[in-house]
Amino acid sequence: MNLKTVLYQKWSKNLMLLTVFLMPLSSFIYSVPVTAEESSASNSESTLSNLSTVTQNVYVSPKGSDFLGSGTLQAPYRTLPKVRSVLRDTYAERPAGGTTIWLREGEYELSSTLELNELDSGTADRPVTYRNYPNEQAVITTAKTIDPTRWKPLNSEAAARVHPAVYADQLVELDVQSLELKNTSGFPGGTSFTKEWGIVDLIVDGVREPISQWPNPQQKIGKNRVGWVTMNGSADPQSFYYGEGGQPKDGITTDEVNADQTDRTARWQRSIEQGHDLYLKGFWRTDFDPVTSKVESIDNTRHTIRLVDIPEGGMGSKWSKDAPVADSTGTGTTTSTTLSTPLPAQSPVTIHGDTYVTQDVYVTDDVYHAPLFPEPLLTATSVTYQVYRVGTGTEEWQALNLLDEIDTPGEWALDFKDQKIYYYPDGDINKQNIIIADRTGPIIKLNNASYLNFVGLTIEGGLNNGIEMQSSHHISLDNNTIRNIGGGGILDYYGHDNRIQNNTIYETGSFGISIGYAGNRDTLTPAHSWITNNHIHNTGTLIALEGLIITQSIGMTINHNLIHDVPKHGIRYVYNNDLLFEYNELHHISLEDGDAGAFYTAQDWTSYGNVLRYNYVHDSPRANGFYADDGDSGDTFTNNIVSGVSKAFLFGGGHHNRATGNLIINATSGIQIDDRGIARKYTADSTHAEQLIAKNPSTGPWKEYGRVLADTYGYDTNLWKNMLNPKWHPEYPNGTHFKDNAIVQSGTLVIPKKGAVIIQNNPRITNTQSAGLNPNTTNGFYTQNPTILAIFPNINTIYPQIGLQKGEVISTSSSD
């Protein structure tokens with residue numbers, strides 16, 4: 001399976017296996033696609049406005065008592081489990097108007113996950129609300145508070161390993177065994193992993209402290225990206241050169257690791273010999289999904305670093321040449337068959353004009369980032385040797401979690417051998433509030449719950465997700481802060497009619513918000529859930545995941561969200577129908593990964609009906625704006641603004657992806673439409689086709705859905721039938737359009753040789769000055785350029801509505 005489409009399998013093992021759909025066939029509701037011309041639904045009246053009608057108020061405070069308290073303002077309970085117990089005892093007596101649990105100022109430390117289910121639920125007219133007391137901060141955590149007196153000076157062996165730039169007495173150590181912490185013996189993923197971080201986390205005064213890293217996150221070494229250095233070529237399938245000796249494509253073999261004269265590799269090797277683990281995070285093979293790998297040894301004579309495990313596919317970028325393979329005697333190499341990445345059967349073409357309709361044209365440079373030099377054809381022999389590549393010299397890597405590289409206040413490392421946390425405190429440690437996250441379950445979990453509201457709470461300090469919802473509906477998460485989480489912020493699986501709105505989510509180890517199986521795609525029953533006005537940033541700090549993930553869902557609205565500073569895609573939506581993305585702002589996307597999109601979807605011929613309009617993507621030069629990868633089909637992109645990206649639109653071989661009325665500014669390429677489906681065999685008997693056949697498109701709701709899609713978007717009348725017909729050539733990007741888009745100061749358009757593709761009326765404006773763009777709208781308009789206004793006539797009224805809205809955008813968990 002392609003790495004980019006593995007939906008976090010190991011991570012999801014920790015979730016409960018859910019097999020029951022929420023809505024039976026008898027409750028089937030046909031989901032009509034949202035068109036770009038329709039207006040968005042207005043947000044419903046908030047349940048919070050009805051608080052005056054609540055007839056039951058329960059108070060809880062860290063200063064209260066579970067034994068002497070009565071739940072009144074004067075005598076509050078102390079813990080949330082006590083409140084849960086009291087409410088369960090009175091479940092049958094839920095009062096008219098509902099119940100509100102008021103959390104007073106302070107920290108609510110849970111010894112385990114706070115789990116709420118049907119016994120803790122409300123009803124449509126009697127909801128249950130957990131919220132902060134006005135103007136007070138209530139923090140819910142599963143982390144453990146650390147007494148400052150437990151921190152000690154460094155032991156002599158640790159002191160000898162301290163970075164030359166700091167003094168040993170500036171650091172302190174904490175014995176994790178004496179605290180009976182559980183997640184301290186090593187990474188759950190073992191010696192090589194992408195998504196299994198899972199060790200304790202250190203939070204000081206509400207700030208998630210950075211684990212030690214070299215280069216430091218803002219440190220620039222040579223010409224590299226800040227926070228990274230590069231390989232100097234591969235030495236063998238599991239080793240690379242950090243100095244001279246390699247033959248990378250870029251020809252650069254400078255020893256960047258030891259350039260600061262701190263004898264770094266020698267220090268690292270001494271620590272390894274003493275039994276301390278060194279892990280490197282690197283793009284050993286691809287420029288996406290970095291792998292964290294344990295180091296076996298360092299050879300300071302040959303200038304090589306050897307990993308414990310061979311990276312998948314072997315060391316070295318897949319876009320570099322194959323390294324020689326030994327023959328069966330081990331005495332030489334042979335050159336007969338191709339082990340290198342094949343070039344695509346059909347290459348796209350580059351056009352400079354504004355109009356193109358399918359025809360045979362001259363093929364110029366391909367856009368698959370394939371090697372520009374001929375590769376030797378190599379033979380695999382009877383003896384098994386791992387194939388690897390010589391390397392480009394651009395494969396990035398960094399070192400993590402090592403005492404030897406703590407050189408900045410706030411940095412820390414967990415030494416698996418010593419069972420110590422080593423920390424460089426920023427300030428007086430005796431005056432700091434220090435907590436350690438060590439519990440692996442979510443902080444709050446809703447299972448088969450309904451009509452619950454969570455308002456104004458701060459949730460932090462767990463190794464898993466902040467809030468996890470499974471098979472729950474009519475839930476409102478409103479105006480909460482979720483931060484300093486080892487997993488994701490909010491996870492919602494098999495839900496419907498839920499509202500996630502006005503929340504701030506940051507400093508998460510993986511994703512910001514993840515939604516899965518909302519509604520029912522098989523029966524086309526929409527979820528009617530909203531993700532609205534959330535601020536999501538600085539996510540994926542441990543595991544490179546997205547700010548927002550939506551998978552296997554139908555009938556949702558995602559609007560007015562601000563997402564920025566994320567390592568991978570901004571929004572990943574895969575295997576969905578009838579999603580409406582509008583008024584979202586995304587910037588500084590793909591800070592770590594390559595081959596990413598601000599909006600990204602992939603590999604599905606059934607994911608029709610998604611509309612992306614009025615979104616603003618900017619300042620993300622490593623990312624593509626809107627990316628439909630590897631055959632994904634059926635999305636409509638209208639009236640978006642895309643600025644400062646790689647490719648504004650990248651359609652990788654799918655059908656009926658259509659971009660109209662968009663404004664593209666300063667992009668490397670306005671669009672790439674390619675026919676990779678030919679080489680990758682996206683034919684009528686492919687996996688893509690099997691996914692469509694599984695929906696039974698010739699009968700039932702999907703047959704009618706195909707007809708409505710064709711009528712709504714002007715597709716071929718026999719939509720599904722054509723896609724499964726070999727004569728229609730589904731391996732071509734048929735039905736894809738790029739029409740009526742304004743292109744400002746951007747590169748050429750890249751289009752395929754094969755396929756029913758239309759490129760038409762995409763006027764170019766030479767530079768941003770001529771376009772008259774005004775992103776700050778200080779004079780009341782974004783642009784008055786007549787060419788742009790002809791393409792996007794309402795841009796000046798749409799632009800101010802994009803992104804977070806002042807105040808709270810409210811929708812209710814109890815509305816239909």
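**Pockets, sheets and local features of the predicted model**

The second largest pocket has a volume of about 930 Å³. The structure described here is a predicted model. The lining of this second largest pocket comprises 29 residues, and those lying nearest its centre are Gln-213, Pro-217, Gly-540, Thr-541 and Glu-592. Two strands, E12 (207-208) and E22 (396-400), each contribute at least two residues to the lining of the second largest pocket.

Strand E12 also belongs to an open sheet of 4 strands, whose order is E7-E25-E11-E12 and whose pairing is antiparallel. Because E7 (144-145) and E12 stand at the edges of this sheet with a single partner strand each, one side of each has no neighbour in the sheet. The partner of E12 is examined through its bridges: strand E11 (residues 201-204) pairs with E12 in the antiparallel sense over 2 bridges. Within this pairing, Arg-208 in E12 is the residue that stands opposite Ile-203.

A further open sheet is built from 4 strands in the order E8-E9-E24-E23, again with antiparallel pairing. Its edges are formed by strand E8 (152-153) and strand E23 (412-415); each has a single partner strand, so one side of each is left without a neighbour in the sheet. Between E9 (residues 172-175) and E24 (residues 420-423), the antiparallel pairing extends over 4 bridges. One of the residues involved is Val-172, whose bridge partner in E24 is Tyr-423.

The model contains 5 cavities of 30 Å³ or more, and the volume of the largest cavity is about 80 Å³. The largest cavity is lined by Phe-193, Thr-194, Lys-195, Trp-197, Lys-281, Asp-289, Pro-290, Thr-292, Leu-542, Ile-543 and Ala-544.

Aromatic contacts were considered next. A pair of aromatic rings is described by the distance of the centres and the angle of the planes. Across the whole structure, the search finds 37 aromatic pairs. Ring pairs join Tyr-573, Phe-581, Phe-599, Phe-626, Phe-637, Phe-649, Phe-651 and Phe-738 into a cluster. A charged side chain is also placed over a ring: Arg-104 lies over the face of Tyr-133, at 4.1 Å from the ring centre.

Two features of the backbone deserve mention. Most residues other than glycine have a negative phi, and most peptide bonds are trans. The peptide bond between Trp-214 and Pro-215, however, is cis, with omega about -5 degrees. Pro-215 is located in the loop that runs between strand E13 (213-214) and strand E14 (229-230). At His-528, a residue other than glycine, phi is positive, near 55 degrees. The loop between strand E35 (513-516) and strand E36 (529-532) contains His-528.

Confidence was examined along the chain. For the protein chain the mean pLDDT is 86, and 84% of the residues reach 70 or more. Over residues 35-52, by contrast, the pLDDT is below 50, and in the model this stretch has 40 contacts beyond near neighbours in sequence.

How values were computed: Residues numbered from 1 in each chain as written. Heavy atoms only, no water. Phe/Tyr/Trp six-rings, centres within 6.5 Å; stacked < 30°, edge-to-face > 60°. Lys NZ or Arg CZ within 6 Å of the ring centre and 35° of its normal. pLDDT = per-residue confidence, 0-100. Contact = heavy atoms within 4.5 Å. Pairing = 2+ DSSP bridges. 1 Å grid on protein atoms, 1.4 Å probe; cavity = no way out; pocket = protein on both sides within 12 Å on 5 of 7 lines; lining within 4 Å. Points joined across faces, edges and corners; volume = space filled by probe spheres on them.
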